[in-house]
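Biologist: I'm new to this one, could you put it up and walk me through it?

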Amino acid sequence: MRVSFFVTCVADQFGSSAAAASVRLLRRFGVEVGFPQDQTCCGQPAYNAGYADDAREIAKHYLNVFEKSLETSDAVVVPSGSCGAMVHHYPELFAHDPINLRRAWDVSSRVFELTQFLVEKLGVTHPGVDLTGVRVAYHDSCHAMRNMGVKQQPRILLEAAGATLLPWDESCCGFGGLFSVKLPELSSAMMDRKLDSLTVDAKEADILTSTDLGCLMQLGGGLGRRQNTPRVVHIAELLLNGKAVLEARVARERSRP
Amino acid sequence: MEVSIHDFPEAHRKALANTGVRGAVMRATQTFNQAREDRYAELPDVEALKAYAATVKDHTLEHLDYYLGRLADNIESRGGQVHFAHDGADANQIILAITQAANAKLIVKSKSMVTEEIELNHALEQAGMKVIESDLGEYILQLEGEHPSHIIGPAIHKPKTEVDELFHKLYGVPLGSSADVLAGKAREIIREDFLNADVGISGVNFAVAESGSIVIVENEGNARLTTSRPRVHIAVMGLEKVIPNIHDLGVFLKLLPRAATGQRSTVFVSLISGPKTDLEIDGPEEFHVVVLDNGRSSVLADPEMRASLRCIRCGACLNTCPVYQQLGGHAYGWVYSGPIGSVLDPGLLGLPEAKSLPFASSLCGACGDVCPVKIPLPQMLVTQRTRAVSAGLMPTAETLGIKAFKNLMKNPALYRLSSKMGRFVKWGKNMPNFGIAPLSSWQATRDFPAPNQKSFRDLWNEGLNTEAAPKLEAADD
């Protein structure tokens with residue numbers, strides 16, 4: 001199996017270790033990973049903000065890049081659910097453009113979120129690390145969940161590794177792309193609801209994780225202003241490194257300038 | 001209710017500052033949500049039922065002229081009168097004329113959002129009539145001079161302590177009385193009004209074209225009294241309330257109470273098919289149905305937004321919306337709030353007035369999951385945003401920012417260059433606050449990470465691309 005890795009601009013810039021962990025995790029299961037160098041962004045910020053024309057232009061670039069890479073690979077794998085979900089919106093964007101509509105269907109039907117790909121396409125039932133005794137607060141990315149059908153896949157992998165999933169508030173983290181800066185107080189109120197639940201309902205959590213770097217940026221950013229919080233780790237790092245993320249994280253943060 | 005959506009930026013901040021209201025709204029909506037999910041889960045295939053209901057609504061909307069004609073014919077054949085109103089002023093005038101012909105002094109009303117939409121109470125009071133809201137929540141709001149904040153739970157924003165104080169002040173009910181005692185007191189007072197009212201005004205949940213019946217669901221019995229005790233009954237409905245026949249009603253009666261309050265059925269379901277006949281001992285002598293357009297036909301003519309007219313006003317999208325849960329309904333600035341308001345209000349009032357609302361969402365999509373008639377609300381929110389952008393209603397700075405972003409993302413060489421340049425500066429863990437939006441808006445409450453010292457692209461090109469696969473050790477299950 002050969003896949004094209006769609007890193008997403010957010011992970012490229014702000015989550016490179018999570019992105020690298022995704023590549024290594026795929027390789028652990030025998031997947032050959034390619035990285036199309038001309039990729040940029042999926043266009044989600046423009047699309048969600050109502051700039052459909054601009055989103056279409058970015059989408060066309062995306063289709064050019066990944067259409068080509070799919071000639072020599074079986075699927076596109078993305079470590080951030082909402083960016084993958086954006087590609088699933090491409091057919092709507094090109095509803096009145098038959099040529100690009102076909103391309104959009106063609107590409108988007110082969111775009112998978114990382115854990116979804118592992119579980120559904122590779123049939124992985126165990127991530128290959130031990131998380132016994134690790135208490136995890138898992139956050140569902142709204143877009144991964146509702147637009148890509150990612151709900152059980154990450155839970156299956158975490159639980160197979162022995163992690164304990166703690167129940168907590170299931171609502172949106174309040175990120176929402178530009179929403180988070182256009183209506184910052186509202187976005188923060190939604191975030192606080194989550195973080196309050198995290199510290200009350202999931203107060204035993206060692207780790208907060210998700211499939212989506214947008215959500216983690218929001219929740220992690222909020223946790224940065226709070227005391228005694230769990231570590232925020234993208235699911236790829238958790239599934240690749242297991243319990244080591246608990247120590248590695250501390251070491252890396254200490255070594256930061 | 002007066003339109004003040006343009007005040008959203010101000011109003012939503014005010015709402016966020018009101019912790020009493022936020023707490024009440026959060027508690028009430030979470031209770032509704034749990035009950036709805038429990039009742040949905042009891043159905044063998046709720047998604048199929050929703051899809052059926054959506055199909056019935058779409059079919060009716062597709063042939064709305066036919067079904068409204070059938071409805072009117074059948075109501076009239078039983079001695080009722082049907083009035084078509086182009087807008088709110090038109091509807092108010094029709095209703096005013098009926099009440100004046102009936103020489104009405106006292107009017108009782110049961111719950112109706114459409115009469116809030118057209119500000120009917122105001123029109124009647126201006127003409128010297130006394131109007132009493134008989135739904136308990138609406139009654140409380142009327143005493144306080146407030147408007148409903150939720151489609152089915154008009155007073156859910158009110159903490160019980162406030163109602164306590166109000167009833168203590170007005171009626172001397174001891175502070176800390178139970179909800180039953182407060183409701184009993186209201187009931188006692190409103191009962192007198194029912195006996196003396198000249199006209200009863202109700203809303204309509206469904207209007208069955210084939211039988212010429214209007215259907216009202218409720219839990220308090222006040223709608224049944226409103227529609228049967230006074231000599232004249234006026235039912236006011238939006239033109240989208242019609243359904244073809246009585247068989248379809250069963251589907252909606254299964255969905256609406258489950259979606260709305262999480263009940264299997266409401267306590268009362270009334271089917272009203274005309275004024276009192278010679279064989280009946282009670283019921284109104286006159287039965288009027290006012291069918292309101294008020295912008296709906298322009299939504300009907302809009303293929304991308306038409307499905308919003310499927311709405312059966314259950315309020316499930318409000319309850320599940322994490323934005324509504326924070327703000328309550330008043331911040332939205334008009335009678336229809338939450339996700340359905342954010343897609344419907346621009347259609348009914350025009351985008352320039354309502355442009356803030358489609359943006360008052362993180363696009364989480366929860367509303368789309370719960371809607372009993374499968375209105376694609378998340379997609380419609382994006383469509384309304386796109387229209388606001390096309391109409392040039394967005395700030396210039398934002399438009400320019402998006403253009404710059406697009407040009408960056410269309411051009412991989414430029415993207416790579418910017419990625420390099422962003423790393424000339426050795427940031428710390430987080431970006432410093434330069435005091436410039438949007439960075440500063442973010443950082444008021446959240447850290448914003450600095451770019452990683454090496455981008456993924458750097459890692460890939462500096463060795464990750466050729467790195468050996470990590471070993472898969474035998475999993476010890």
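Predicted model: local features only at pLDDT ≥ 70, side-chain atom pairs only at ≥ 80, totals over all residues.

Biologist: How many helices and strands does chain B have?

Modeller: Chain B has 23 helices and ten strands, counted as DSSP runs (H or I of at least four residues for helices, E of at least two for strands) and numbered from the N terminus.

Biologist: And how many residues of chain B are in contact with chain A?

Modeller: On the chain B side there are 57, in contact with 59 residues of chain A, where contact puts the C-beta atoms, placed from the backbone, within 7 Å. The largest share on the chain B side, six residues, comes from α20(B).

Biologist: Switching topic, which residues of α1(B) are buried?

Modeller: They are Phe8(B), His12(B) and Ala15(B), buried meaning 20 or more other C-beta atoms within 10 Å of the residue's own, exposed 12 or fewer, and partly exposed in between, with C-beta atoms placed from the backbone. Seen down the axis of α1(B), these residues fall within an arc of 55°, so they line one face of the helix; the arc is that of the directions from the helix axis to the C-beta atoms.

Biologist: What covers them?

Modeller: The cover includes α11 (184-200) of chain A, together with α2 (19-42) and α15 of chain B. The face of α1(B) turned away from the buried side carries the exposed residues Pro9(B), Glu10(B) and Ala17(B).

Note on methods: Residues numbered from 1 in each chain as written. Chains lettered and ligands numbered in written order. Contact = placed C-beta atoms within 7 Å.
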